[in-house]
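Visitor: Could you show me how to read the way helices pack together? I would like to take it one feature at a time.

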Amino acid sequence: NPKDYWYLKQSETETIEGVDDAGELDQLLSAMLKLGLRQTEIQDVFKTLGGVLELGNISFDVKSNSTEEDSSQVANSEVLAKAAGLLAMDVESLEWLLTKRRIGRHSVVIIGRTVAEATNARDGLSKMLYANLFLWLIQRINMEVCC
């Protein structure tokens, strides 16, 4: 359901009049197979899209620290685990990527991200994954069409 995903419910449109979603999905799957995508590649496309949607549902709380600036922590670990699973990442790595950052090249310092920074990191990661998936699909289409 589109209302279940932060990124999808931003449009406030659940359905488009005259569009048969199930029929459109069947056409998409058929086109992917005709273009030579293997079943595992098609599954990976949908896992990546699902992972991006789950990423958008990750929320953050303020983590109070007594010895340093306040930072962030994931508020809904079950969503984090679902996103990590779909993206074939371990949960700890994804959480670190979203809530912490490195500063420096030679002497590296790890600091926690604020809630706003963690939200921006989440959205940036989602955009990067979606853009790279799109580019990969375009390359696969071009390979099949040209050669």
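**Reading the helix packing**

Guide: Let us begin with one crossing: α3 passes α4 in a left-handed crossing. Please keep in mind that this is a predicted model.

Visitor: Which residues make the contact between α3 and α4?

Guide: On the α3 side they are K47, G50, G51, E54 and L55, and on the α4 side V79, K82, A83 and L86.

Visitor: At what angle do α2 and α3 pack?

Guide: Their angle is about 135°, and their axes lie 10 Å apart. That makes α2 oblique to α3. Here α2 passes α3 in a right-handed crossing.

Visitor: Which residues meet there?

Guide: From α2 come L25, L28, L29, M32 and L33, and they meet Q39, I42, V45 and F46 in α3. In this contact eight residues are nonpolar, one is polar and none is charged.

Visitor: Why do the residues of a helix that point the same way come three or four places apart?

Guide: An α-helix has 3.6 residues a turn, so residues three or four places apart point the same way. With that in mind, look at α5 and α6. They pack at an angle of about 120°, with their axes 7 Å apart. The two helices are therefore oblique to each other. L94, L97 and L98 of α5 make this contact with A118, A121, R122 and L125 of α6. Six of the contact residues are nonpolar, no residue is polar and one is charged.

Visitor: Which residues of α3 are buried, and what covers them?

Guide: Buried means under 20% relative accessible area. In α3 the buried residues are E41, I42, V45, T48, G50, G51, V52, E54, L55 and G56. Their cover includes α1, α2 (21-34), α4, α5 and α6.

Visitor: And which residues of α6 are buried?

Guide: They are A118, A121, R122, D123, L125, S126, L133 and R140. These buried residues pack against α1 (6-9), α3, β1 (60-63), β2 (71-74) and α5 (91-99).

Visitor: Let us end with one residue. Where is E144 found?

Guide: E144 is in helix α6. With a relative accessible area of 36%, E144 is partly exposed.

Visitor: What does E144 touch, not counting residues up to four places away in sequence?

Guide: E144 touches L35 and G36. From C-alpha to C-alpha, E144 and G36 are 7.1 Å apart in space, although 108 residues apart in sequence.

How values were computed: Residues numbered from 1 in each chain as written. Predicted model: local features only at pLDDT ≥ 70, side-chain atom pairs only at ≥ 80, totals over all residues. Heavy atoms only, no water. Left-handed = near helix turned anticlockwise from the far one by under 90°. Helix = DSSP H or I, 4+ residues; strand = E, 2+ residues; numbered from the N terminus. Contact = heavy atoms within 4.5 Å. Buried < 20%, exposed > 50% of the residue type's maximum accessible area, 1.4 Å probe, protein only. Axes fitted to C-alpha atoms, helices over the stretch in contact; angles between N-to-C directions. Parallel < 35°, antiparallel > 145°, perpendicular 65-115°, else oblique. Nonpolar A, V, L, I, M, F, W, Y, C, P; charged D, E, K, R; others polar.
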